[in-house]
Amino acid sequence: MTLTLAIVGRPNVGKSTLFNRLVGKRLALVDDQPGVTRDLREGAARLADLKFTVIDTAGLEEVTDDSLQGRMRRLTERAVDMADVCLFMIDARTGVTATDEVFADILRKRSAHVLLAANKGEGAAADAGVLEAYNLGLGEPIRMSAEHGEGLNDLYSQLQPLVDLHEQSLEDTDPEVDVDLDEDEDDLDAIPMPTNAKPMQVAVVGRPNAGKSTLINQIVGEDRLLTGPEAGITRDAISLRTDWNGTPMRIFDTAGMRKKAKVQEKLEKLSVSDGLRAVKFAEVVVVLLDAAIPFEQQDLRIADLAEREGRAVVLAINKWDVEEDKQAKLRDLKESFERLLPQLKGAPLITVSAKTGRGIDRLHDAIMRAYDVWNRRVTTAQLNRWLSGMLEAHPPPAPQGKRIKLRYMTQVKARPPGFVVMCSHPDKMPDSYNRYLVNGLRLDFDMPGTPIRIFMRGQNDANPYKGRKKAPPSKLRKHTSASRRNER
């Protein structure tokens, strides 16, 4: 376990900019307007030879009620309690405000180690603000510019002894984990199971206010993510590490995705693109639907996106606790699912209640089942026996009188399963016959719901000289005369 550094401060002092610089990626959204960050975001940071975990927090506000700002402040205070070191940032150009003084008193009481950073410290305009920072009583301020990378050497010099102290304290208490074992040869082709080093990547996506953050809080067992009745609270794609029923997972909470025509603000566009990136890096995608208005056009687009990206898909119907006629509703949902999403035929459809926790265990089992199918492999012998039976039942068509011969089939990849069929005239194979083969694979090899890719490739075994350029007559005469001389 590495040292944890929480970056705290008022809104718009540059916390997310410093977070991005420490992790070396643009993970957190950055904008000129204050209050962009709302959730806690963790990242693996590196500063020269120091490795630690950094937490980006929401801007501290002097609000203690149950409003959105009040819930954001409580979440930030939880991050302060969790972190080993707090980096308190102020705006050197603005100087020390009354709000900064209040939060400095709070940090002195709640955190054992507090570092003070005067950000936006480039230029003479920040000199007065850096001098004022001494009045906070948190030691010598680090004059820095997160935007331009200035002051990181001073941050390193103050962090290094704290990292060494943290590592020393863990030597006696840290349990032995990740023990290497000899791998059995019989298990070389087995499905790779998630480990603490490589946890399963699960993304939860859906429309705004479907209950994604509430569901993840229920899975984790604590209020790690900001929730509420307002739509669009989550803005970043937040990842959380957890051990869910014995399965190591990294779960991504994404921003709600509205129709493209309704997304006008720059900030929401950044949020949606962040969610799309989470889908591309996930292994299993949970599409969360609202039981009151399921299978809206945007829900179908999101599910289709996950299928096109080649991810294992699980559909979860949230807010099931408020449904009255559950049996009739479930029949309607299954009928709509088969009719509107035929490309995901057989994918798990689970009813859950993120608020009460009902159905959470069934959702875990569905995710594990989808992950198992997503990694499935079929031997070439099994595939070719199956292919001969499919050809006898329904031979391929003969477009323009040219008969298409399917010679053999093999699986070339998994995650998702991909197959290659060697055939004649692959460019003339209709999509309907591809769908016939895909549906047969789903049914006969128990691969429901997962994306299946079939690639048709030509095999030119009729004429070995087809496609070669004909030699010019002059070279042909020389070759013939040379052959005659050799015979003599």
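The model is predicted; local features need pLDDT of at least 70, side-chain atom pairs count only at pLDDT 80 or more, and totals for chains, interfaces and linings use all residues. Residues are numbered from 1 along each chain as its sequence is written, and side-chain values use heavy atoms, with hydrogens and water left out. The chain holds 13 helices and 15 strands, where helices (H or I, at least four residues) and strands (E, at least two) are DSSP runs numbered from the N terminus. Of the 488 residues in the chain, 49% are buried; buried means under 20% relative accessible area, exposed over 50%, and partly exposed in between (1.4 Å probe, protein chains only). Among the contacts (heavy atoms within 4.5 Å) with a separation of 6 or more, 70% are accounted for by residues 24 or more positions apart.

**The six-stranded sheet**

- Six strands form an open sheet with mixed pairing, in the order β8-β9-β7-β10-β11-β12; two strands pair if DSSP finds at least two bridges between them.
- β8 (238-244) and β12 (349-351) are the edge strands and have a single partner strand each, so one side of each is left without a neighbour in the sheet.
- From one strand to the next, the twist averages 25 degrees.
- Strands β10 (residues 284-290) and β11 (residues 312-318) pair in the parallel sense over seven bridges, and Asp290 has Asn318 of β11 as its bridge partner.
- Helix α8 (residues 297-308) lies across β7 (200-206), β10 and β11, and runs at about 175 degrees to β10; axes are lines fitted to C-alpha atoms, for helices over the stretch in contact, and angles run from 0 to 180 degrees between N-to-C directions.

**The enclosed helix α6**

- Helix α6 (residues 212-220) has seven of its nine residues buried, so it is largely enclosed by the rest of the structure.
- These buried residues are Lys212, Ser213, Leu215, Ile216, Asn217, Ile219 and Val220.
- The buried residues of α6 pack against β7, β8, β9 (247-253), β10 and α10 (360-374).
- Gly221 follows α6 and has a positive phi, near 90 degrees.

**The packing of α11 and α12**

- Helix α11 (residues 380-393) packs with helix α12 (residues 431-444) at an angle of about 125 degrees, their axes being 11 Å apart.
- That angle makes α11 oblique to α12; angles under 35 degrees count as roughly parallel, over 145 as roughly antiparallel, 65 to 115 as roughly perpendicular and the rest as oblique.
- On the α11 side, the contact is made by Leu383, Trp386, Leu387, Met390, Leu391 and Ala393, and on the α12 side by Tyr433, Tyr436, Leu437, Gly440, Leu441 and Asp444.
- The residues of this contact comprise 10 nonpolar, one polar and one charged; Ala, Val, Leu, Ile, Met, Phe, Trp, Tyr, Cys and Pro count as nonpolar, Asp, Glu, Lys and Arg as charged, and the others, Gly among them, as polar.

**Backbone details in loops**

- The peptide bond from Arg415 to Pro416 is cis, with omega near 0 degrees, and Pro416 lies in the loop between β13 (406-413) and β14 (418-423).
- Lys120, a residue other than glycine, has a positive phi near 55 degrees; Lys120 is in the loop between β5 (114-119) and α4 (127-132) and is partly exposed, with a relative accessible area of 25%.
- Phe295 likewise is not a glycine and has a positive phi of about 55 degrees; Phe295 is in the loop between β10 and α8 and is buried, with a relative accessible area of 11%.
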